[in-house]
Amino acid sequence: MKWTKSLSIALLLAASLTALTSCDDDHWDYRDYYGDWYDDYDWYDDSFDYGTSTLNAEAAALRGYWEGQIENRYYENGQLKAVAMKATFEFDQYNTNSLNGRGRETDYLTYTDDDGVERTETNELRFAWYIDPRTGDICLKYDGSGMTYSAAWEGGFSLDTQTNRFYGVFEGQNNQEQIVFDLTRTTLAKPNTEFGGKATAATGTKFGTMSEGGVSITAPAKFRRR
């Protein structure tokens with residue numbers, strides 16, 4: 001996306017109004033993100049560096065490496081299918097202030113073939129991500145397929161820097177699929193100086209409102225690629 005003069009002015013004005021009128025910078029405020037530029041902004045390809053402290057902390061908590069279980073739920077011939085597997089995720093920011101960036105998901109499915117031999121298939125998927133500054137929702141867009149998903153702050157995910165656990169449900173936005181996930185942080189992508197270079201960002205902070213035990217993942221089934 002090419003920046004325009006009017007867009008730059010709108011963003012600078014929004015930032016100025018935030019500094020002058022915001023009583024609590026610890027929460028996002030959709031009134032700070034107004035005008036036609038919001039709907040026109042290419043969230044997946046341009047760095048967005050205009051978040052509040054809560055939004056910036058959420059992005060910092062998300063960045064890095066995660067591993068655990070996922071379950072892809074989808075419809076096939078009108079029937080709901082569920083495929084569970086091990087997976088790793090990498091979230092990287094465009095810069096330390098941005099609410100978006102690039103990511104990589106690697107799926108691992110172990111199964112026994114017809115000859116009784118145990119095999120493992122892997123599948124790597126690239127995606128772009130951003131945090132919606134109006135809501136705190138985490139949004140994904142997969143390369144190639146263009147499929148988009150969103151995990152809602154209100155009941156859609158829990159990102160806990162105390163337990164280093166990230167779980168929830170990414171709901172398909174341009175499809176009828178779900179990605180149910182239960183992940184544990186392995187490491188940050190690189191030291192984050194804004195949080196003192198600690199192994200976890202914003203230690204003790206929890207983002208999202210999904211309750212404990214809010215996800216359930218079944219045993220692995222056949223492999224499915226998004």
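A salt bridge is taken here as a side-chain nitrogen of Lys or Arg lying within 4 Å of a carboxyl oxygen of Asp or Glu, and by that criterion Asp132 forms one with Arg134, the closest N and O atoms being 3.1 Å apart. The model is predicted, so that local features need pLDDT of at least 70 and side-chain atom pairs count only at pLDDT 80 or more, whereas totals for chains, interfaces and linings use all residues. Residues are numbered from 1 along each chain as its sequence is written, and side-chain values use heavy atoms, with hydrogens and water left out.

Burial is described by relative accessible area, with buried meaning under 20%, exposed over 50% and partly exposed in between (1.4 Å probe, protein chains only). The search of the whole structure finds seven salt bridges, among them the one between Arg119 and Asp113, whose closest N and O atoms are 2.6 Å apart. In that pair Arg119 is partly exposed, at 42%, and Asp113 is buried, at 16%. Arg126 and Glu124 also meet through their side chains, at 3.1 Å from N to O; here Arg126 is partly exposed at 40%, and Glu124 is partly exposed at 44%.

Helices (H or I, at least four residues) and strands (E, at least two) are DSSP runs, numbered from the N terminus, and two strands pair if DSSP finds at least two bridges between them. Strand 2 (residues 79-93) and strand 3 (residues 100-112) run antiparallel and are joined by eight bridges, with Gln93 partnered by Gly101 of strand 3; a hairpin of six residues links the two strands.

A nonpolar core is a set of buried Ala, Val, Leu, Ile, Met, Phe, Trp, Tyr and Cys residues joined through side-chain atoms within 4.5 Å. The largest such core has 44 residues, and those with the most contacts inside it are Phe89, Phe91, Phe157, Phe166 and Phe170. Strand 4 (residues 118-131) gives the most to this core, with six residues. A second, separate core of five residues includes Val169, Val180, Met210 and Val215.

Helix 3 (residues 53-62) is largely enclosed by the rest of the structure, because nine of its ten residues are buried, including Asn56 and Glu58. Just after helix 3, Gly64 takes a positive phi of about 115 degrees.
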